[in-house]
Number of protein chains: 2
Amino acid sequence: MKQAIQCLSALAQETRLSAFRLLVERGPEGLTPGELSAELDIPGPTLSFHLKELAHAGLVSTERRGRSLAYRARVSRVDRLLDYLTANCCGGDADLCRDAEAADGRRRA
Amino acid sequence: MKQAIQCLSALAQETRLSAFRLLVERGPEGLTPGELSAELDIPGPTLSFHLKELAHAGLVSTERRGRSLAYRARVSRVDRLLDYLTANCCGGDADLCRDAEAADGRRRA
DNA sequence: TGAAGTTTTCTATATATTTGGAATTATGGA
DNA sequence: TCCATAATTCCAAATATATAGAAAACTTCA
């Protein structure tokens, strides 16, 4: 649970969510803090604070590339997060769960 | 994006995450604030504050049932959240994305 | 080794969230 | 209507998070 909250908190902030999504789009090549700082128009220290938060949650990894660092998104973390959030849905009864969602949809429609 | 942050923030808190997961497990029958308050050992006003947060994010729905309310989890919101977080992964190049994850895994192993 | 480029740490301030007791509001049944 | 139950709102204090300038630390390449 601690880990899930860490991931959720990390993504529940505008600057960090934007940075993470840029990194997801970019793929394996990654982006440097300098590039992110420019792209997001955020001062270095502020960005650094947020990247640290994402790294601490395991949502990004880093690798040195020349004189800069390359930050990359770890998308698999997001998948694991989803699994945790919906674990044992409807007590494990898939049919019940499907019905519940359908009923819920009907109510809103 | 606003909506995604709202969902993430709502779940990024111990009491709310616990409540949400209890509701997910319970399925369509739902749980009343009183039951949740007892189960989680949280004072009424505190729980109420958190349920409001979840409801505001669209993660739970309510329905009156006799003298109480039934809170239910809206699991579909979580699915949509995942889609948003990983949208346009690796610029839409699925092969690239798969490779990136595999490489990342190798690095960590 | 030294200088330039990158990124992070330090630090203070501003802002936002969480908590729970007391009071209030809403509901259903007699 | 009136009472008992259920849940929410109000409020103030405690806690946590975000921001960015100045300074420091780490890398690389000449």
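Biologist: Where the model meets DNA, how do the residues of the surface near DNA strand D divide into nonpolar, polar and charged?

Modeller: That surface has nine nonpolar, nine polar and five charged residues, where Ala, Val, Leu, Ile, Met, Phe, Trp, Tyr, Cys and Pro count as nonpolar, Asp, Glu, Lys and Arg as charged, and the others, Gly among them, as polar. This is a predicted model, in which local features need pLDDT of at least 70 and side-chain atom pairs count only at pLDDT 80 or more, whereas totals for chains, interfaces and linings use all residues. Residues are numbered from 1 along each chain as its sequence is written, while chains are lettered from A and ligands numbered from 1 in the order in which they are written.

Biologist: How many residues surround DNA strand D, and which are the closest?

Modeller: A residue is near a strand if its C-beta atom, placed from the backbone, lies within 6 Å of it. By that criterion 23 residues surround DNA strand D, and A:P45, B:T32, B:G34, B:P45 and B:S68 are the closest. At least two residues each come from α4 (44-56) of chain A and from α3 (33-40), α4 (44-56) and β2 (68-73) of chain B, with helices (H or I, at least four residues) and strands (E, at least two) taken as DSSP runs numbered from the N terminus. The element that gives the most is α4(B), with six residues.

Biologist: And which residues are the closest to DNA strand C?

Modeller: DNA strand C is surrounded by 21 residues, of which A:T32, A:G34, A:P45, A:S68 and B:P45 are the closest. For this surface α4(A) provides the largest share, five residues, and the division by class is eight nonpolar, nine polar and four charged.

Biologist: What rotation superposes chain B on chain A?

Modeller: With copies superposed by least squares on the C-alpha atoms of residues with pLDDT of at least 70 in both, the rotation is 180° with 0.0 Å of shift along its axis, and the RMSD is 0.0 Å. That is the relation of a two-fold axis. The C-alpha of chain B nearest the axis belongs to B:L8, 2.7 Å from it.

Biologist: How are two packed helices described?

Modeller: They are described by the angle between their axes and the distance between the axes. Axes here are lines fitted to C-alpha atoms, for helices over the stretch in contact, and angles run from 0 to 180 degrees between N-to-C directions. Helix α5 (residues 76-85) of chain A and α5(B) have axes 10 Å apart and pack at an angle of about 175°. They are therefore roughly antiparallel to each other, given that angles under 35 degrees count as roughly parallel, over 145 as roughly antiparallel, 65 to 115 as roughly perpendicular and the rest as oblique. The contact joins A:V78, A:L82 and A:L85 of α5(A) with B:V78, B:L82 and B:L85 of α5(B).

Conventions
Two residues are in contact if their C-beta atoms, placed from the backbone, lie within 7 Å.
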